[in-house]
Structures are given as C-alpha cells and as structure tokens.
Amino acid sequence: MWPLVLGGLGLGALAARQGLRAAQRSGVKMEVPSAFKDALGSFKNKDAIQGFESPMTRPEAKKILNMKEMNPSKDSIREAHRKLLVANHPDKGGSTFIATKINEAKEVLLGKKGT
C-alpha cells in the first residue's frame, strides 16, 4: 500500500511541476508567497552563508569573538575568548573546528598571528 501512496505523491509532484512550467512558458506571471520570501530571506544575506576567510582577517576575528569595539583591549579579547571557549570546548561536547577558529581569532587580534 505504501509504495502506491508514495508513487502517487511522486507522480502528483511531477505533474504539478510540469503544469507550473507550462504556465510560465505561456506567460502567466507567478509570485512567491511572502511567507516563503521571509523564510528564505537569510539566503540573500551573503554574510549569513559566507564561510571563513583564509587567512583570517581582523574584521572576521572580531565577528567570531563578537567584539563591537574598533580597537578592543587585550583584556577584553581574552575575556571574550575565554567565554566562547568555555561554551564550545571539545571536552565538553563542542566542535574542535569551532574551538580552533576561536583560538585563531584570538591570535589574530592579539597580533600573535599575521594577517
């Protein structure tokens, strides 16, 4: 019974897609509903889906450590690093990749790693 139901759903989806394509070819104007536009709006923001830069830059390091100041002090950098690393430490179930990026951000901002 389930194969028939799933097959019917698949055929229905294919028929709907062909119908939409035929309507577009005939010149019917279709808009995406606003609910979908709002849900998919984050994909338009390049910062939301952008990966890490290589090598890491100072602005990226400040974003990782959530630093808003133009020139943060060494103490504030160390404090932000400590808070993030405690929350994301690999021994406590955090990601080693994220911990590495947090450490790299601290090194870049403290000047221990070249930009």
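The structure holds 2 salt bridges, a salt bridge being a side-chain nitrogen of Lys or Arg within 4 Å of a carboxyl oxygen of Asp or Glu. This is a predicted model, in which local features need pLDDT of at least 70 and side-chain atom pairs count only at pLDDT 80 or more, while totals for chains, interfaces and linings use all residues. Residues are numbered from 1 along each chain as its sequence is written, and side-chain values use heavy atoms, with hydrogens and water left out.

**Whole chain.** Start with a cartoon view. The chain has 6 helices and 0 strands, in the order α-α-α-α-α-α along the sequence. Helices (H or I, at least four residues) and strands (E, at least two) are DSSP runs, numbered from the N terminus. Of the 115 residues in the chain, 18% are buried. Buried means under 20% relative accessible area, exposed over 50%, and partly exposed in between, with a 1.4 Å probe and protein chains only. Among contacts (heavy atoms within 4.5 Å) with a separation of 6 or more, 43% join residues 24 or more positions apart.

**First salt bridge.** Select Arg82 and Glu79. Their side chains meet in a salt bridge at 3.1 Å, N to O. Both residues are in helix H5, 3 residues apart, so about one helical turn separates them. Arg82 is partly exposed at 44% relative accessibility, and Glu79 is partly exposed at 34%.

Move to Glu104 and Lys101, whose side chains form a salt bridge at 3.3 Å, N to O. Helix H6 (residues 96–110) contains both, again with a spacing of 3 residues, about one turn of the helix. Here Glu104 is buried at 13% relative accessibility, and Lys101 is buried with a relative accessible area of 14%.

**H5 against H6.** Now show helix H5 (74–87) together with H6 (residues 96–110). Two packed helices are described by the angle between their axes and the distance between the axes. H5 and H6 pack at about 180°, with axes 10 Å apart. The axes are lines fitted to C-alpha atoms, for helices over the stretch in contact, and angles run from 0 to 180 degrees between N-to-C directions. H5 is therefore roughly antiparallel to H6, the word for angles over 145 degrees. On the H5 side, select Lys74, Ile77, Arg78, His81, Leu84 and Leu85; they meet Ala99, Ile102, Asn103, Lys106, Leu109 and Leu110 in H6. By class, this contact has 7 nonpolar, 2 polar and 3 charged residues. Ala, Val, Leu, Ile, Met, Phe, Trp, Tyr, Cys and Pro count as nonpolar, Asp, Glu, Lys and Arg as charged, and the others, Gly among them, as polar.

**The largest core.** Which residues of the largest nonpolar core touch the most other members? Select Met56, Ala61, Leu65, Met67, Ile77, Ala105 and Leu109, out of 14 residues in this core. H4, H5 and H6 are the elements that give two or more residues to this core, and H6 gives the largest share, 6 residues. A nonpolar core is a set of buried Ala, Val, Leu, Ile, Met, Phe, Trp, Tyr and Cys residues joined through side-chain atoms within 4.5 Å. Centre on Leu109: leaving aside its neighbours within four places in sequence, Leu109 is in contact with Arg58, Ala61, Lys62, Leu65, Met67 and Ile77.

**Last stop.** Select Asn66, in the loop between helix H4 (58–64) and helix H5 (74–87). Asn66 is not a glycine, yet has a positive phi of about 60°. The residue Asn66 is exposed, with a relative accessible area of 56%.

How values were computed:
Parallel < 35°, antiparallel > 145°, perpendicular 65-115°, else oblique.
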